[in-house]
Structures are given as C-alpha cells and as structure tokens.
Amino acid sequence: MPTIDELAAFCKRKGFVYPTAEIYGGLSGFFDFGPLGAELKSNIKKEWWKFHVHQRDDIVGMDGSIITNPKVWDASGHTAHFEDLMLTCSKCGQKVRADQFLEQALKMQAEGLTAEEVNGLVKKHKLTCPSCKSAFREVQPFNLMFSTMVGPKEDSSAKAYLRPETAQLMFADFKLVADNARMKLPFGIAQMGKAFRNEISPRDFLFRSREFEQMELEFFINPKDPKCPFLDEVKEHILLVCSEEMQKKGDAPKKMSVADALRKGVIKAEWHAYWLAVEHQWFISLGANPERFRIRQHVQKERSHYASETWDLEYEFPFGWKELLGMANRADFDMQQHMKSSKKDLSLFDEETKQKVIPHVVAEPSLGVERAFLVFLFDAYTDDKERGNIVLKLSPKLAPIKVGVFSLVNKLNEEAKKVYDLIRNDIFCTFDTGGSIGRRYARADEQGIPYCVTIDFDTLKDKAVTVRDRDTTKQVRIKISELKSYLLAKC
Ligand code: GAP
C-alpha cells in the first residue's frame with residue numbers, strides 16, 4: 001500500500017485530485033478534483049445511490065439546501081456543541097486540535113477528553129507547542145461550523161451556517177418526505193452532498209478536509225417494533241469487531257458473525273447490526289479488500305451529543321485504523337428537538353395501533369465520499385514491478401474511464417476512430433493515439449481503465465478487435481459487431 005503522501009502525489013500526477021487553486025498556493029483543507037477524480041467521485045456517488053435508494057423499496061432520497069434556517073442548527077445542538085478543543089501557543093499563536101495533538105504526543109486515545117483532562121495532561125507531561133516549543137494557553141472550545149451572512153445585512157440577524165452534515169434536513173423535512181412518498185415505518189431517507197467543517201488541523205490529504213461530501217441515510221423505525229426483517233440476509237456475514245468492552249480491557253478485535261454479535265449483546269439493536277454488515281458488503285461489492293475493515297464501538301466519552309450508541313466502520317489506512325463511516329443510534333433526539341423548536345408535529349399516525357408515533361433513528365450510516373474515494377484508491381493501487389507501472393485495479397463500475405480504444409499503428413487511426421464512435425455513446429471511453437502501444441497500455445493501467453480495445457491489421461480482414469483485460473493482461477478477440485454488448489456486460 002502506498003503512503004498517503006505517495007497516493008496524493010499519484011492523484012495529482014494522473015489528474016485525480018489537486019490542492020485547490022495551486023497556482024495561488026492552495027488553501028489548507030480544500031481540494032479540486034481533476035478529470036479522473038471527478039469521474040471516480042461521481043461513480044462512487046452513483047453506486048451508493050443505486051444501492052441505497054434505487055434498489056430498495058424502503059428508502060427514498062432528498063436533496064436539501066446547504067444553507068438553511070439557522071434555527072435548524074440551534075435545535076440539533078450544533079451551535080452549542082459542535083466543537084473541538086483547541087490548544088493555542090502562548091508565543092507563536094499556533095493552534096492545534098487538542099485530541100489529535102495528545103494522541104500523537106502521548107500515543108493514547110484522546111477523543112472526548114474534557115477541557116480539564118486536556119489541561120491536566122498538557123501540564124503533567126510538560127507538553128509544548130510543536131513549532132516553537134513555548135507553553136500552551138488553557139485549552140479552548142472551537143465551533144467547527146463555517147458561518148456566513150445571508151442577504152445584504154451584516155448584523156447577527158443575517159447570520160447563517162454552511163451545513164456541517166447533510167443529516168438535519170432529513171429530520172426537519174421528515175413529515176413532508178414521509179407524506180409525499182407515502183412511506184410506512186420502518187423506512188429511510190437518503191441524501192448526499194457537500195458538508196463543511198472548519199477543522200482546526202486538516203490532515204492526511206482528503207481524509208480530514210474542510211469541504212467534503214457526505215452520503216447519509218437516516219433509517220426511521222417504530223421504537224415499539226425494533227425487529228429487522230432482513231436480518232437473515234446478513235446473519236452469517238463476518239465482521240471484525242472491536243467493542244467498547246474490548247477496548248477497555250485492551251483485548252484485540254475479534255471476528256464474529258452478525259448473528260453472534262447480536263446473540264452476545266455486543267451489538268444491541270438488530271437494525272444497527274444489519275446496516276453495519278450492509279455497509280461493509282457495499283464496499284466489498286465494489287472491490288474493496290474485506291480484511292481491511294473493522295467495526296469499532298465508540299467509548300462513552302467519544303459519543304456525539306445526539307448519540308445513544310455509535311459504531312464506526314473503520315478502515316486500515318497507512319496511517320492507522322480510522323473512521324470511514326459513522327453509524328450512530330440517534331433514537332428520537334433530533335425529532336424531539338425539531339418538534340420542540342419548530343412547535344410542529346413530526347409524528348406519524350400508525351394505522352395498526354391507531355396511535356401517533358415519533359420515529360426513532362436506530363442507525364444513521366454516514367459516509368464521507370472522499371474517505372470512500374481514498375479506500376477504493378488504496379485497495380486498487382498496485383505497483384506492478386513486472387510491468388514497470390502502477391496498475392489501478394478499480395472495479396469497472398467505479399473506473400473513471402471504462403475503455404481505451406487504440407490503433408496498433410497510426411495508419412489504422414481512421415479504422416480505430418470508427419470503433420470508438422461505435423461505442424462512445426454507451427460506454428465512457430477514451431481514444432488514445434499517443435506513443436507506442438505498450439506506453440498506451442501502461443497509461444491506461446495507471447488511469448484504471450479496465451479494458452483496452454486495439455485495432456490491428458487483422459481487423460481489416462476479420463472485422464474483430466483485441467480486448468485486453470487490465471488486471472490479467474489477457475487478450476481476447478471480439479467481433480466488432482459484438483463489441484458493444486461484450487463491453488457493456490463487462491462494465
Ligand atoms: N451525520 C453524522 C455525521 O456527520 P460524522 O461521524 O461527524 O457523523 C460522518 O461524519 C462521516 O463524514 C465520517 O465518517 C467521514 O467519512 C466523513 N467526514 C467527517 N468529517 C470529515 C472531514 N473533515 N473530512 C472528510 N470527511 C469527513
């Protein structure tokens with residue numbers, strides 16, 4: 001696996017991701033996606049939406065605005081609680097995120113420590129500013145929401161925020177969506193789009209940035225009916241589990257089936273276990289390495305203000321096991337908060353019991369698009385010494401470009417262009433005439449193109465082309481008349 005810096009350099013070189021506006025020196029925590037990156041990101045989102053919305057009868061989508069009424073953030077608790085602790089150097093003014101600084105300096109788990117605990121540790125271990133070695137000031141909370149002004153006013157009445165998560169409008173608009181789509185509990189609302197957090201210390205390339213995208217799902221159930229009817233579909237699925245208890249005892253994570261995790265009470269709610277398995281399966285179905293995933297339960301101190309129980313799907317990045325997807329049990333926290341704050345009834349009427357129900361969100365799979373982007377790239381990146389180039393073994397579903405069309409020699413370009421024109425409306429492909437055929441194969445490997453179609457002199461006689469498989473380099477001869485359906489089936 002490459003290091004995160006090697007991957008970042010590769011991404012820039014091949015046109016996946018650049019530091020934003022690099023000609024002006026960039027801006028920390030912000031990135032631009034180049035031609036290949038924009039395609040990969042869009043394919044990840046398309047696959048997520050297809051899997052979570054189109055292929056299910058119990059989930060509908062919505063697309064809320066990025067800036068909304070700030071009362072939403074007061075009700076959700078973000079205005080008051082969405083903050084990290086920050087240490088500021090008393091001399092040079094450098095600011096660091098306290099938990100990350102302590103984790104690095106003391107090799108400990110520091111998320112969720114209180115201000116007193118941070119101050120105590122800084123004092124006890126005589127920790128100083130990483131830049132100038134001077135003492136820190138007392139730790140301070142720092143709210144991560146970006147604020148802005150709406151309209152031409154500049155007073156506090158115009159203050160609004162860029163959303164720090166996509167989740168909240170799925171609660172605020174819950175009643176409209178449920179009624180319009182005639183949904184019955186249990187059901188989910190899905191949404192994807194930009195989120196913004198003014199991270200104190202953005203780091204690790206795309207992993208922790210200030211502008212990113214989320215793909216989130218709020219799954220609502222009737223709290224009186226907590227059974228998951230789909231459990232059988234995942235009960236044999238194996239997860240590497242790291243529970244709160246294992247962490248407290250210092251035990252190593254254990255592999256167990258979903259059924260065992262529920263039977264032993266390691267995971268409490270059926271729906272929570274179901275969605276953890278399903279999200280793991282989604283990654284595997286798109287070519288990720290199943291062995292690099294585990295689920296880790298948040299210890300009490302780490303849990304967000306809204307969560308009664310949280311599990312993260314973690315991935316083993318080159319910089320350690322890190323959160324890829326968070327899955328909190330938000331219960332009825334958000335619904336109650338929005339009902340209280342808006343004074344509107346968001347409950348549903350249950351036909352069976354003839355009673356009003358305030359739904360609970362028992363699982364909220366929340367995934368950052370850029371973290372998924374990193375995972376698929378890390379698992380695809382193969383330094384093939386024999387070929388002498390990187391081979392990006394992305395699933396054909398995710399590959400930015402599906403097919404490369406080449407002519408063996410320039411004399412055949414016209415013939416090759418005809419083949420390219422034949423398939424390009426149905427399959428996203430590229431027509432490459434630059435350099436030797438070996439050079440073009442190598443370039444295609446590095447762009448993650450799963451199939452290369454080569455037109456040679458025999459094509460003029462047999463009306464067939466050679467199709468090369470990126471991962472095996474095996475070549476097959478396919479009739480031009482069958483090429484489109486062959487490639488569509490493969491991709
Ligand atoms: N609605 C719940 C929520 O937002 P979260 O754990 O704060 O939960 C969910 O975020 C996911 O969003 C994370 O698991 C991660 O994939 C992504 N994410 C969060 N902060 C991020 C950041 N600064 N940069 C990139 N991705 C981020």
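1. The lining of the largest cavity is made up of Leu 286, Gly 287, Ala 288, Phe 376, Asp 379, Ala 380, Lys 393, Leu 394, Ser 395 and Leu 398. A cavity here is a set of points on a 1 Å grid over the protein atoms alone where a 1.4 Å probe fits but cannot get out, and lining residues have an atom within 4 Å of a point. The space inside is about 40 Å³, a volume being the space filled by probe spheres set on the points, with grid points joined across faces, edges and corners. By class, 6 of the lining residues are nonpolar, 2 polar and 2 charged (Ala, Val, Leu, Ile, Met, Phe, Trp, Tyr, Cys and Pro count as nonpolar; Asp, Glu, Lys and Arg as charged; the others, Gly among them, as polar).

2. A word on the basis: this is a predicted model, in which local features need pLDDT of at least 70 and side-chain atom pairs count only at pLDDT 80 or more, while totals for chains, interfaces and linings use all residues. Residues are numbered from 1 along each chain as its sequence is written, and side-chain values use heavy atoms, with hydrogens and water left out.

3. You will find 2 cavities of 30 Å³ or more in the structure.

4. Phe 33 and Phe 373 are edge-to-face, because their planes stand at 85°, with centres 5.3 Å apart. This pair joins strand S2 (residues 31-33) to helix H13 (residues 369-380), 340 residues apart (DSSP runs numbered from the N terminus: helices H or I, at least four residues; strands E, at least two). Phe 33 is partly exposed at 22% relative accessible area, whereas Phe 373 is buried at 0% (buried is under 20%, exposed over 50%, partly exposed in between, with a 1.4 Å probe and protein chains only).

5. Phe 317 and Phe 319 are stacked, 5.1 Å centre to centre with 15° between the planes. Both belong to one aromatic cluster that also includes Phe 376, a residue in the lining of the largest cavity.

6. Finally, the charged end of Lys 41 sits over the ring of Phe 33, 4.1 Å from its centre (NZ of Lys or CZ of Arg within 6 Å of the ring centre and within 35 degrees of the ring normal).

Terms used. On a 1 Å grid over the protein atoms alone, a cavity is a set of points where a 1.4 Å probe fits but cannot get out, and a pocket is an open set with protein on both sides within 12 Å along at least five of seven lines; lining residues have an atom within 4 Å of a point. Rings of Phe, Tyr and Trp (its six-membered ring) pair if their centres lie within 6.5 Å; planes under 30 degrees apart count as stacked, over 60 as edge-to-face and the rest as tilted.
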